[in-house]
Amino acid sequence: MANSFLARAVQAAELRVSRASRVVPLEDHQARASRWRNSPRLSDAISGEGVAVIAEVKRASPSRGYLAPIPDPAGLAQSYAEGGAAAVSVLTEPQWFGGSLEDLAVVVEATALPVLRKDFLISPYQVWEARGIGAAAVLLIVAALEPQQLVHLLRTCGDASVDALIEIHDAAEVSTALAAYEEAAVELPLIIGVNARDLATLDVDPGQFADVRDKLPPEAIAVAESGVAGAEDVRRLADLGADAVLVGEHVATALDPRAAVAQLVAAGRTS
């Protein structure tokens, strides 16, 4: 990772975890997690017919900068739900994405949909933190983790009853993800997110999903991430075998988020 954006993001995450764990003990988050024992699963929401839409609460990005103020993340999530989204993703990373755990908490309370915590997770503490708030799933980025870190985090997800969206970018990371999943031996569905954005350079390659889709096992739930800007993208990804799309900027900045999500959902159902 060297001095890439990803390396800086991981370092910032490590600092946040160190600070947070001194304020709220891990055991407190674990105790709160029991409240969500019967909450909806991300895997169930995105594994049906057609292409499911995971709509994201996203204020900013390191590549585009400021995107939208989003003064009411709960209201935005409700609009996504009304538009037919299968799940909601909430960015909790504060420095580059303008997110927070408060955003996650209000969205969880505002919608019955499963909610994904999207951040740079490098510690079991963050998994339990997310589950204690009510997240149904967390993002685990292969490029940000050592293989044994990934195994440990997957086992923590199993213990916390949290689905893991394992994010990869290329074929080599597919192998790493599958090896870690097998070693972890958890009773969790295999959900693989293919990020078209290279987190080292922040460049987007629209063809990245096609390059790796056939390298995923048949049982994997395949989620296309980044670069989805309309119904045509959803139809294209459906033809390539996507089970779901994770959409951020396109819906978070829309004048009518409900309608923007509804168009993507309709495209996913007719593909």
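This is a predicted model: local features need pLDDT of at least 70, side-chain atom pairs count only at pLDDT 80 or more; totals for chains, interfaces and linings use all residues.
Biologist: Thanks! Where does Ala86 lie, then?

Modeller: Ala86 is in the loop that runs between helix 4 (73-82) and strand 4 (87-91).

Biologist: Is Ala86 buried or exposed there?

Modeller: Buried: the cut-off is under 20% relative accessible area, and Ala86 has 15%.

Biologist: And what is Ala86 in contact with, sequence neighbours aside?

Modeller: If you skip the residues within four places in sequence, Ala86 touches Ala45, Ile46, Ala52, Val53, Leu113 and Pro114.

Biologist: Switching topic: which strand holds Asp163?

Modeller: Asp163 belongs to strand 7, residues 163-168.

Biologist: Buried or exposed, that Asp163?

Modeller: Asp163 counts as buried because its relative accessibility is 1%.

Biologist: OK, a buried Asp. What does its side chain reach at 2.9 Å?

Modeller: The backbone nitrogen of Ser43. The Asp163 side chain also reaches the backbone nitrogen of Leu42, at 3.3 Å.

Biologist: Which other residues are in contact with Asp163?

Modeller: Beyond four places in sequence, its contacts include Arg41, Ala136, Ala137, Val138, Leu188, Pro189 and Ile191, along with Leu42 and Ser43.

Biologist: Now helices. At what angle do helix 1 and helix 6 pack?

Modeller: Helix 1 (residues 5-23) and helix 6 (residues 124-133) pack at about 65°, and their axes are 10 Å apart. The crossing is left-handed.

Biologist: Which residues make that contact?

Modeller: Helix 1 brings Ala13, Val17, Ala20 and Ser21, while helix 6 brings Tyr125, Gln126 and Glu129. By type, that contact has 4 nonpolar, 2 polar and 1 charged.

Biologist: Last one, helix 10. Which of its residues are buried?

Modeller: In helix 10 (residues 231-239), the buried ones are Asp233, Val234, Leu237 and Ala238. Viewed down the helix axis they fall within an arc of 135°, so they line one face of helix 10.

Biologist: What covers those buried residues?

Modeller: The cover includes helix 9 (208-213), strand 9 (221-225), strand 10 (244-247) and helix 12 (257-270).

Biologist: And which exposed residues sit on the face turned away?

Modeller: Glu232 and Asp239. After helix 10 comes Gly241, which has a positive phi near 100°.

Technical notes. Residues are numbered from 1 along each chain as its sequence is written. Side-chain values use heavy atoms; hydrogens and water are left out. Helices (H or I, at least four residues) and strands (E, at least two) are DSSP runs, numbered from the N terminus. Buried means under 20% relative accessible area, exposed over 50%, partly exposed in between (1.4 Å probe, protein chains only). A polar contact is a pair of N or O atoms within 3.5 Å; within protein, one must be able to donate a hydrogen and the other to accept it, and residues adjacent in sequence count only if both atoms are side-chain atoms. Contact means heavy atoms within 4.5 Å. Axes are lines fitted to C-alpha atoms, for helices over the stretch in contact, and angles run from 0 to 180 degrees between N-to-C directions. A crossing is left-handed if the near helix is turned anticlockwise from the far one by less than a right angle, and right-handed if clockwise. Ala, Val, Leu, Ile, Met, Phe, Trp, Tyr, Cys and Pro count as nonpolar, Asp, Glu, Lys and Arg as charged, and the others, Gly among them, as polar. The arc is that of the directions from the helix axis to the C-beta atoms.
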